[in-house]
Amino acid sequence: PNGFFITNAGANNVRDGGGQAADMIVINVGQDSYRAFTSRCTHEGCTVASFSAGRILCPCHGSEFDSTGRNVAGPAPRPLTEFATTYAAATRTITVRRA
């Protein structure tokens, strides 16, 4: 459970209620268990770039977020915004929606 992917822009990405691309990072937190968060660091808006050892990492100023999106290190003042996810094993599809 260390896999992740980041999505930004493009026709097949999640859109918010206003039609804007919802930049996000989706992390695998266990077998068939996923969490999705905004991929913008709450410090200065840099794109969080990786998920390693249970931490979502921002490369700009060293902020770190745990697998619940809570800020645990660095200058980030707030947690990441979380999106609700469901996983359909039959189709191997993750559906992401606003929490």
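Y87 counts as partly exposed, with 26% relative accessibility; buried means under 20% relative accessible area, exposed over 50%, and partly exposed in between (1.4 Å probe, protein chains only). This is a predicted model, in which local features need pLDDT of at least 70 and side-chain atom pairs count only at pLDDT 80 or more, while totals for chains, interfaces and linings use all residues. Residues are numbered from 1 along each chain as its sequence is written, and side-chain values use heavy atoms, leaving out hydrogens and water.

**The aromatic pair**
- The structure holds one aromatic pair (ring centres of Phe, Tyr and Trp, the last by its six-membered ring, within 6.5 Å; planes under 30 degrees apart count as stacked, over 60 as edge-to-face, the rest as tilted).
- The ring centres of Y34 and Y87 lie 5.3 Å apart with planes at 40°, so the pair is tilted.
- Distant parts of the chain are linked by this pair, since Y34 belongs to strand 3 and Y87 to strand 8 (residues 82-88), 53 residues apart.
- Y34 is also partly exposed, at a relative accessible area of 22%.

**Strands 2 and 3**
- Strand 2 (residues 24-30) has six of its seven residues buried, so it is largely enclosed by the rest of the structure.
- Strand 2 pairs with strand 3 (residues 33-38) in the antiparallel sense over six bridges; pairing requires at least two DSSP bridges between two strands.
- The two strands form a hairpin with two residues between them, and D32 in the turn has a positive phi of about 55°.

**The whole chain**
- The protein chain has nine strands and zero helices (DSSP runs numbered from the N terminus: strands E, at least two residues; helices H or I, at least four).
- Of its 99 residues, 28% count as buried.
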